[in-house]
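Q: I have a structure open and want to go through some of its local features. Can you take a few questions?
A: Go ahead.

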Amino acid sequence: MSDAQLLAISPLDGRYAGKVNSLREIASEYGLIRFRTAVEVAWLKLLANSDLFDMTLPEALDARFSELVEGFTPQDAQAVKEIERRTNHDVKAVEYYLAELAEVRGADKRLIALLHFGCTSEDINNLAYGMMLSKARSEVLLPSLAATTERLADCAARWAHLPMLARTHGQTASPTTLGKEFANVLARLDREIATLSGIAILGKFNGAVGNFNAHTSAFEDADWTALSRELVAGLGLEYNPMTTQIEPHDWIANYLHSLSRLSTVLIDFARDCWTYISLGYFKQKTIAGEVGSSTMPHKVNPIDFENAEGNLGLVVALAGHLADKLPVSRLQRDLTDSTVLRNLGSVLGYFQVALSSLHRGIDKLEVSQTALSKDLDNSWEVLAEPIQTVMRRYGVADAYDQLKVLTRGQAITESRVAEIIEALELPDAAREALAKLTPSSYTGRAEALTHEYLATR
């Protein structure tokens, strides 16, 4: 671990630094400056080539700006930060940096004057954050979630046939299969991933209070809406025409709420895996050299699921605050959103750390069929449900109450179930079918439902 990591205040830049590398060029200060630069350059080129100005960027400048957008470096970002130290304004620093590059390459002063033309800082910032969250979604979040669902789908398929005692309210309940429980989680994630994927990422570009005031003072008859729409669409975002000084951030709240819901589903999953490990349904593959407990040598703790749960809780908390705060701004604008938006990277980072831990935890799971079978063999009382249901089918009065008296609070064994079935006033075929049931075979359509769902994904 480097000195910088040891001295980091956030674990995302310290202990977990290696798990969030895929986000560093996207959701960092560097990433924000890079996206701001891309917006400023795109606007300059659009204006210069429009009928309003009909200018041509010098070839050397056009090439440098294209190179800057495509290959923005930490050195470029440092140069912008150096200007910011003088100006104490982060967005203006980008404008000045681009102006310096343009001047060095012999650009006409009229062209340089088009940098940041008609813009308020929020015009640049909202598009930069939109690009950031769009890129994070497509290049990091969705691929990581796909790796999660791929693991769950594999587990569901491999274990679809393995009977497992269910526990409702923590008590023995009708059996399911291990694979079906993984498929349940998979289905929940699939739905929410589709929601996250479909959230429209909006952008505005309409000046200080959203009315193109400055723009129309320069060119009253120009179609500024069309130009702005072209800019926003060219950056891969959806145009929002009705705003104040700020894009209202409702879409960001949707995005964060989706991450929160995904995290909640995965917390549920992590806790269940933790419990199945404690019940002995799963063993964990040991890794040479790893220590489970500082004092108990035998232990292999479910630390990956615990780590995932903890970090997912942070996502829920942070995303919840950001989603509540960001859509609220006093009158046409206040700056409370500015500092809050800078924590978007933390939300994404903790989510990535959690997924990384879940992947590691799932990959270490080994099923103990002995433990699964033992629990089922000790839970013959679960057959009270099919017995009373078949009794109802054949019109036996008070079937539920009869079975409740016979089974509730009592030790029910295989032989006791056989006695109960033998005494039932049912057709011989019905009694014979019930007599063949065991806790392990009483799984309904769990296996079929699992394969049916997997086939439709």
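Q: Is Phe212 buried or exposed?
A: In this predicted model, Phe212 has a relative accessible area of 9%. The cut-off for buried is under 20%, so Phe212 is buried.

Q: Where is Phe212 found?
A: Phe212 sits in the loop between strand 3 (202-203) and helix 10 (213-218).

Q: What about the phi of Phe212?
A: The phi of Phe212 is positive, about 60 degrees, although the residue is not a glycine. Most residues other than glycine have a negative phi.

Q: And what is the phi of His116?
A: His116 also has a positive phi, about 65 degrees, and is not a glycine. His116 is in the loop between helix 7 (109-112) and helix 8. With 11% relative accessibility, His116 counts as buried.

Q: Ok, helix 8 then. How do the axes of helix 8 and helix 15 cross?
A: The axes of helix 8 (residues 121-158) and helix 15 (residues 344-363) cross at roughly 15 degrees and come within 11 Å. Angles under 35 degrees count as roughly parallel, so that is what helix 8 and helix 15 are to each other. The crossing of helix 8 past helix 15 is left-handed.

Q: Which residues in helix 8 and helix 15 meet?
A: On the helix 8 side they include Tyr129, Leu133, Val140, Leu141, Ser144, Leu145, Arg151 and Cys155. On the helix 15 side they include Leu348, Phe351, Gln352, Leu355, His359 and Asp363. The residues of this contact of helix 8 with helix 15 divide into 14 nonpolar, 4 polar and 2 charged.

Q: What does Ser144 touch?
A: Ser144, in helix 8, touches Gln352, Leu355 and His359, leaving out residues up to four places away in sequence. Ser144 is buried, with a relative accessible area of 14%.

Q: And Phe351, what does that touch?
A: Not counting residues up to four places away in sequence, Phe351 touches Leu141, Leu145, Leu259, Leu262, Ser263, Leu266, Leu312 and Val315.

Q: Which residues touch the most other members in the largest nonpolar core?
A: Phe182, Tyr255 and Phe351 do, in a core of 142 residues.

Q: Back to helix 8. How do the axes of helix 8 and helix 21 cross?
A: The axes of helix 8 and helix 21 (residues 446-456) cross at roughly 145 degrees and come within 9 Å. Helix 8 passes helix 21 in a left-handed crossing. Ala153, Ala156 and Ala157 of helix 8 make the contact with Thr450, His451 and Leu454 of helix 21. The residues of that contact divide into 4 nonpolar, 2 polar and no charged.

Q: Different topic. Is Asp337 buried or exposed?
A: Asp337 counts as buried, at 2% relative accessibility. Asp337 lies in helix 14 (residues 336-341).

Q: What does Asp337 touch?
A: Asp337 touches Ile246, His249, Lys325 and Leu326, with residues up to four places away in sequence not counted.

Q: Last one, where is Val382 found?
A: Val382 is in the loop between helix 16 (369-377) and helix 17 (384-393). Val382 is buried, with a relative accessible area of 6%.

Q: What is Val382 in contact with?
A: Leaving aside neighbours within four places in sequence, Val382 is in contact with Leu165, Thr172, Ala173, Ser174, Pro175, Pro439 and Tyr442.

Q: How far apart in space are Val382 and Val316?
A: They are 37 Å apart, C-alpha to C-alpha, and 66 residues apart in sequence.

Conventions:
Residues are numbered from 1 along each chain as its sequence is written. This is a predicted model: local features need pLDDT of at least 70, side-chain atom pairs count only at pLDDT 80 or more; totals for chains, interfaces and linings use all residues. Side-chain values use heavy atoms; hydrogens and water are left out. A nonpolar core is a set of buried Ala, Val, Leu, Ile, Met, Phe, Trp, Tyr and Cys residues joined through side-chain atoms within 4.5 Å. Buried means under 20% relative accessible area, exposed over 50%, partly exposed in between (1.4 Å probe, protein chains only). Contact means heavy atoms within 4.5 Å. Axes are lines fitted to C-alpha atoms, for helices over the stretch in contact, and angles run from 0 to 180 degrees between N-to-C directions. Helices (H or I, at least four residues) and strands (E, at least two) are DSSP runs, numbered from the N terminus. Angles under 35 degrees count as roughly parallel, over 145 as roughly antiparallel, 65 to 115 as roughly perpendicular and the rest as oblique. A crossing is left-handed if the near helix is turned anticlockwise from the far one by less than a right angle, and right-handed if clockwise. Ala, Val, Leu, Ile, Met, Phe, Trp, Tyr, Cys and Pro count as nonpolar, Asp, Glu, Lys and Arg as charged, and the others, Gly among them, as polar.
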